[in-house]
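Reader: I would like to learn how to read a model like this one. Could you walk me through it?

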Amino acid sequence: MYGYRRRHGHGLRHAIRPASTGPRRRAAALGALLALITLPATACSSSDSAPRSKSPAPSATATRAAPATPAAPAAPRTPEAHEPTPDLTPEKEAKVYTPADFCKNKDKLLEPAKRIVLSVANAGEKGEKNGTMRTMGAAEPKLNCGPGVDNDGYFETDAPLGPYYVADNVTVRLLTYDGVTQRMELQPAGITTLADVVKACAAGATPAKPYTCGGNLFYATLDEKTGVVTHLTGIFQS
């Protein structure tokens, strides 16, 4: 009986000997171990519902200021549309001047011994110079400008009349009035017509149509060397 028990115990020890671990069991154990290791990392990463995006730090190349590009030269300004600048000469300007125009542009319109205003009392008389050159009885009037002046300016003749020689080919433009447009205009005329208009206006009469009176004032151009009148253009003064 005793011997039997010893054999039985010896057999029991053989029965509970740990079985050898096969390849499948080793793989299962390794998988369980990896699951335990990766669990904390998974739990930490799941604490945030969505990954936070972080802007990448600017590189030295990106933050470096780009070299300044030289500014292109400014394009020349296109002149604004406006009326053409007047010639400002008695022989070419189509505008009918008034004393106010001379007050505003005195330095441009008037030039001593070259471009002046004449108050003409008579014209067309024959002179002794060259036997044909005509003379005018005229004087340079005084221009009155300033605040409170009638019509923004006027010419006043207080100087004694003197003779002014007129060139044989003098250019004359006299004042006319267009009843349709109701505008003063300039029309070419000869020295004889000038004399007739000046005479009628000086007497307070109405000159022959289409001419009209404007105070017997004329914008005159003189020859700088001889002082002879070469151009006469009527000025309107009411």
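**Reading the fold and two residues**

Author: Of the contacts (heavy atoms within 4.5 Å) in the protein chain with a separation of 6 or more, 55% join residues 24 or more positions apart. This is a predicted model, where local features need pLDDT of at least 70, side-chain atom pairs count only at pLDDT 80 or more, and totals for chains, interfaces and linings use all residues. Residues are numbered from 1 along each chain as its sequence is written, and side-chain values use heavy atoms, with hydrogens and water left out.

Reader: How many helices and strands does the protein chain have?

Author: Helices (H or I, at least four residues) and strands (E, at least two) are DSSP runs, numbered from the N terminus. Here there are six helices and eight strands.

Reader: Is Gly-153 buried or exposed?

Author: Buried means under 20% relative accessible area, exposed over 50%, and partly exposed in between (1.4 Å probe, protein chains only). Gly-153 has 2%, so this residue is buried. Its place is in the loop between β3 (142-144) and β4 (154-156).

Reader: Which residues does Gly-153 contact, leaving aside neighbours within four places in sequence?

Author: Those are Pro-99, Cys-103 and Asn-144. Pro-99 is 54 residues away along the chain, yet the two C-alpha atoms are separated by 5.2 Å.

Reader: And where does Asp-101 lie?

Author: Asp-101 is in helix α4 (residues 99-104) and is buried, because its relative accessible area is 12%. A polar atom of the Asp-101 side chain lies 2.9 Å from the backbone nitrogen of Thr-98.

Methods: A polar contact is a pair of N or O atoms within 3.5 Å; within protein, one must be able to donate a hydrogen and the other to accept it, and residues adjacent in sequence count only if both atoms are side-chain atoms.
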